[in-house]
Structure formats: structure tokens, C-alpha cells
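I opened the model today and kept short notes. The entries below follow the order in which I looked things up.

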Amino acid sequence: MDRTGGSGGGSDRRQTEESKPLLGEMSAPEGNKMGAAPCRRALLHCNGMRYKLLQEGDIQVCVIRHPRTFLSKILTSKFLRRWEPHHLTLADNSVASATPTGYMENSISYSAIEDVQLLSWENAPKYCLQLTIPGGTVLLQAANSYLRDQWFHSLQWKKKIYKYKKVLSNPGRWEVVLKEIRTLVDMALTSPLQDDSIHQAPLEIVSKLLSENNNLTTQDHESIIVAIAPLLENNHPPPDLCEFFCKHCRERPRSMVVIEVFTPVVQRILKHNMDFGKCPRLRLFTQEYILALNELNAGMEVVKKFIHSMHGPTGQCPHPRVLPNLVAVCLAAIYSCYEEFINSRDNSPSLKEIRNGCQQQCDRKPNLPLRLLHTSPDLVSQEATLTESRLKPVIVTSNDIHVEVERNNTANQKLTANVGNDSEPNLIDCLMVSPTCSTMSIELSAQADRILGCYVEILKMLSDYDDWRPALASLLQPIPFPKEALAHEKFTKELKYVIQRFAEDPRQEVHSCLLSVRAGKDGWFQLYSPGGVACDDDGELFASMVCVCNNVHILMGSCYKTKKFLLSLAENKLGPCMLLALRGNQTMVEILCLMLEYNIIDNNDTQLQIISTLESTDVGKRMYEQLCDRQRELKELQRKGGPTRLTLPSKSTDADLARLLSSGSFGNLENLSLAFTNVTSACAEHLIKLPSLKQLNLWSTQFGDAGLRLLSEHLTMLQVLNLCETPVTDAGLLALSSMKSLCSLNMNSTKLSADTYEDLKAKLPNLKEVDVRYTEAW
């Protein structure tokens, strides 16, 4: 009888170098004494074939009842008893058959299996393995040598895991337990089985052991962590083990185990985790690990090195999941800082009741140090007329929130108009009832304050990476912070750096995220504008969000020349804009000039106030004079007339068109052909200055959606438009629905969809000639 340990022969143990420490340049904390052996233990690998762990399968079974002394005689005999086919299942505790009859009428417990061997003898069936049980032998015959070895290794693994579960469920001396854990880890590392459960099973056993024994010393903690460290390099720790790691980070943040062992584990989590919602303890462990790094002597410098190591040395991070996972950790940590205030909402008077001056009479817990001071006199006209007799302070004491509201009768009437509305106003709405100063002072605990400072700094670090900034801006665009955080002066002041970085980024996909994610919802642009709940300056950040410097428009470049944006500013932010213009801000001066030029302001008194504001500064006076000159030139242009038809030569550019239109009078120009030229959407700002234009040919140009949207707002009398072979899409074509005079429209060879085509037909009543060949709508 030949006995082998596997199809690939004996296995050699070899030592491989572990990955380099992520914080290699960081020195160990002074005075730290390791309570366990160094964590850089050799990893053991098995050479030869690799197998998947079997859970069930078909195999031939034969059971021989005999004393052990007759085993060799029976096995060497030429006749062997009959074989039965069975579908065996390798459960956690035993081997059982799907058809419990014959040899496998009763399942075989792993504790009853004394030995598992590979067998081969002359003139006998091949591919057999032997299970030695009390009073007999169970022979299993596979179809080939690979399946035989797969059954052999799977049975051995199940048997050993069952033994370790039994041994470690009732620990005695911890020296013996630690030795067994190391043996278990080595067994997992050297097993030829290739399955996720091979490394997860030992981790779950250790996790259960730790959860059931809370009286371990720090020395035991570190020894166990070091022992299981090799298994964590390619596997996420189970939830209970994450809880144990969190506890160690909180209690011993300066331990070298945190740096040497936890760093590669957290690295793997951030690089490969797909959803913290399914495993929230992984996120909590990552959060506690970063806080532990912050507790080291170097503090945030260590955290900064860690963030840089996650990004990598190149300009582009190679791991797309790192940023979303880091942001998720930051958001959860910041939320936890305000959790007690958030939980107090249920027992505190609603904000709707506060606005109406009501108070619920019920038992309240002692107050948390949260004070809301809200004043609501109108900034311009009402503030000077109010007297102290009309101001009545209202004190509302809740279980967790102490709120002081100063309000007046006029504002109270405005608020009571919404009494019938059952929807609960949010805190941002409450603070933004009027543009007057609204402050909220929240006093966090020392621990919460440290957590907040750490994770806001991480958001700042993330915003400094150019390749991460677009995705970060997109993730933060919905304002995913609790309303208590947005009302906290320290938080909004620190986050201001991140918003500033978004505003200064020249990429449209970054600075456009400062606007609201959908209509009716505030964005960062509104929150940090004068009168917004987060604004703590005189509008410098607001001006920066609109324009970086001088005439280099960033945020404006995508939206501010549209009437819609100017209208929103006129309705909501006209006062702050006039104030900044009065102080000489060139961006705000240009905004006011555009409001006058595009007739955004209908009220004559308001127009005169804007003019007075412009004339109060040198820059405003100069730009207003230029506006007046343009208006006079426009009237002169219409008076003088000029040609009615104009065709630009092929290969002409935007600059050529601008020079041509500025060189003469084109007040009577009705037909303009730019076909086969190199003009782009940039020429739209010159086209909208042609008041009599009725026919425009843009065939085979680079005129796109941005220019089309601008034309649709100003050239409302356009009758014929040719967009054949232009790069316009549905986004720009939908804007044509406002051009009610269109009677001929060519969209041949564009990216027009069928739905947009139907929408245009419904909204353009005068449309008679349409060309949609070679489009989706054709």
C-alpha cells in the first residue's frame, strides 16, 4: 500500500516577503513597547495543484466493518465488496448523503473520523481514499485522480476546522490558545484549497473567540492580531473582528500593531470595498484607524502621508474605489459628531412650531449647549422702522436643544402663512427666512471636536488632488451633511476651503457642482452666498464662485450669461450683488451691467438704484459708460441699416466673424450663412447682437449646444435655422422650443432623438419644414 499526501507530491515551505509598510517613513512612537512578536511573519505557500473546496459531489462508497488487524488482508484481497453511488455533502459537522440508505444510512461525524488517507493497491479500483472510523473503514472512489485529491483535501480541511472550532470554543490557557491560532493560520496559508472560505473560516473562528472573551489583556490582544495578520492581507475581516480592531484602535492608538498590521488591511478595504452599506463595520474600523493615526505624535502629518499613499505617486490614482470609500468614511464620521443633536429632533419642538411661536408642553431632558439666534427683519426697508416694542423674544426649551428666536410681527405674519402646510421646514429654510445675520453656536464634546477636525482636514486633502476633484465635487454636490453641521459655524468655516477649491477649478464638471443638484434645492452656491447660512464673509467666496479673477469667468462661463441665471440672482441675491458692486467688486459690477443690458430688471426704481451703484465706483462708472455706448451703437446700427444678406467665406473662424460684425452696421441683416466655416458656439455672443436676423445657416460647422441655448434666448424672431451636420444634441435642441417663430428647421445628421423631435413639433406651432434625415427620429 502506497500512501501519498497529495497528487503533487510533498510541499515545500518557502518564505515570501510581505508588502512594504505603507507608512514606512513614519518612526515608531516613543516609549512604545510591543506586547507581541513582530507581525512580519513568514507567509507559507503550498506548491503543486490547487483545488476548490468541495461542499458536495457524487462519489462511490464502500464500507468495510472489520478489526484493524485484518485491514491489510482485506485490502490486498482481489475481491472487494460492492460499491454504492452516493451524493455526499460535506457539512460543518459531518459527512452525509442525499439518499441516506445503505452504507450512508447514518452520517459520519468529523469527530469519528480518525484518519484520512490516499490509497493505491495492485489489482484494485483506482482513485480511492480511506476514512478510518471506529470498527471499520469507509472507502471513497472518485472518477479521476484530480477529484480524488480534491475530496481528500476538502475532507481534511473540514475535519481540521471542526477540531479547531471545538478546541477554541472552550479556551484554557491563553498560551495554548495562541499556539493553536498560529497553527490554524499556517494551515490556511499552506492549504492547496483555493477558496474564499479557506481564509475566512479561521478569521471567523478567531472573531467568535474574541467576542466571547472580553477579559483579554493588551498583550493577548496584540499577540492574536499579529498571529492572524497574514490572513488579512487578502481578506476583509469579519464584522466581530472589525469590532475588536476598533476597540484596539481606541484603547491603544499608539501601538505599533496599528501601523504594522492594520495599515495593509485598511488599504485593501479602501481599494476593493464596493459598498459600506453591506458591511458598515468595515467603515467603522477604517474610521477608527484614521483617528488612531491622528493620535500619533505627528498627528495630521501621518494622516496626510496615508492619504497620499492611497492616491499614489502619479498624477492619476490607479484605484477608482479609494475616493468614494474615503468620502463615505468622512461623511459617516462627521455625521457621528452631530448624532446626539440629530437624535434630539424627535423630542424637541418642531421648527415649524418655533416659527409660529408655539411650544409643546412635555417632559424634556437637560439641555445640550445648542443655541439658535434668528432675526428676521427685512434687510433693506423694514429694519429701520422696527422698534424694540415690536420685538418679542421667544425661548423654547427642549430636551436636547435650547433655542432663542428673535422675531418681529411682520416676519411672523409671513411665517404664519405656511401654518397649514404639513411639511416640516428644514433648518436651512429656517435660517434663510431673511438675509439678516443668522448664527448657530454648537458646542461639541472634545472627542467629537477632534473627530470633526480630523475628517474635515481629510476632505481638504482630497480636494487638493486634481484627478480626485471632479468626483469629489460630484459626491458633495447634494450637500450630504446633516443640517446641524451646516448650521455649525466651525464646520462651514473649515469646509470653505473645499468649496473654494471647487470654485477655482477651471473644469466645468467641477465648478458646476457648486450649483444645486436639482430645482428647488439649495446648492453650495446658495449656502455660501451673502445671506446664506454658511456665509461668514462679505461675499468674497461668492464672488470667487462666480468668477476667479478679473474677466476670466469660470462658473459664469457655463451659466451666468443665460437669462435664467441672471433672473435667479435678481430675485434672490440682488442686495448682496449691489453691496459687493458698491465695494468695487468687478465681477458684481459686470453682473449688474448684464442685468441692465438684458432687461432683467423691470422695476424703474430698482434700475435707477443699480445705476447709482455702478456710478459710485470707478470700475462701475467705466463699465456702465461702455454699456451705454453699446446701447447707443445698437440703436445707431438699426438706424443706419446695412446689408440684408451675408455669407462668410469657408474656413472663417469666430475671430473673423467678430471682426466683420464690428467693422460696419448690420442692423438690417436678415440672412446670414456660416455654412462650412470653422465657427463654434463662441460666435453666438456676436450673433445675438443682430436684431433683424431671420435666417441662419450653420451647416457643417462646430456650433454646439451652448451656442444654441444662447440663440434660443435672444433670437426669438428667427424663422429659418439650418443645423445640418453640426454636433448639437438633445440638450441644445430642446432649447429651440422657445423660438416660436421658427418655420423651417434642418436637423439632418445630428444627434436628434425621436422624443426630442416629438417635443419640438408640439411646442413649435409655426414649424412647417423639417429635415430629420439620418437621425434617430428619421
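Leaving aside neighbours within four places in sequence, which residues is Tyr455 in contact with? I took contact as heavy atoms within 4.5 Å. I found Thr286, Gln287, Glu288, Ile290, Leu291, Val329, Cys330, Ala333 and Ile334 around Tyr455.

Ground rules first. I am reading a predicted model, where local features need pLDDT of at least 70, side-chain atom pairs count only at pLDDT 80 or more, and totals for chains, interfaces and linings use all residues. Residues are numbered from 1 along each chain as its sequence is written, and side-chain values use heavy atoms, with hydrogens and water left out.

Cores. I looked up the largest nonpolar core, which has 181 residues. A nonpolar core is a set of buried Ala, Val, Leu, Ile, Met, Phe, Trp, Tyr and Cys residues joined through side-chain atoms within 4.5 Å. Buried means under 20% relative accessible area, exposed over 50%, partly exposed in between (1.4 Å probe, protein chains only). Tyr338, Tyr455, Phe481 and Trp524 touch the most other members of this core.

Helix α7. I traced α7 over residues 256-272, 17 residues in all. Helices (H or I, at least four residues) and strands (E, at least two) are DSSP runs, numbered from the N terminus. α7 bends by about 50° at Phe262, and Pro264 follows within four residues. Why is α7 described as largely enclosed by the rest of the structure? Because 12 of its 17 residues are buried. Val258, Phe262 and Leu270 are among them. The buried residues of α7 pack against α5 (218-228), α6 (239-251), α8 (280-294), α9 (300-311) and α10 (322-337). At the start of α7, a side-chain oxygen of Ser255 comes within 3.1 Å of the backbone nitrogen of Val257.

Gln130. I placed Gln130 in strand β6, residues 128-133. Gln130 is buried, at a relative accessible area of 3%. Its side chain and that of Thr132 are joined by a contact of 2.8 Å between polar atoms.

Ser529. I found Ser529 in the loop between α20 (524-527) and α21 (540-546). Ser529 is buried, with a relative accessible area of 0%. Not counting residues up to four places away in sequence, Ser529 touches Cys535, Phe542, Met545 and Lys573. From Ser529 to Met545 I read 8.9 Å, C-alpha to C-alpha, across 16 residues in sequence.

Technical notes: Expected span 1.5 Å × (residues − 1). Bend = angle between axes of the 7 residues up to and from the residue. Polar contact = N/O pair within 3.5 Å; in protein donor to acceptor, adjacent residues only side chain to side chain.
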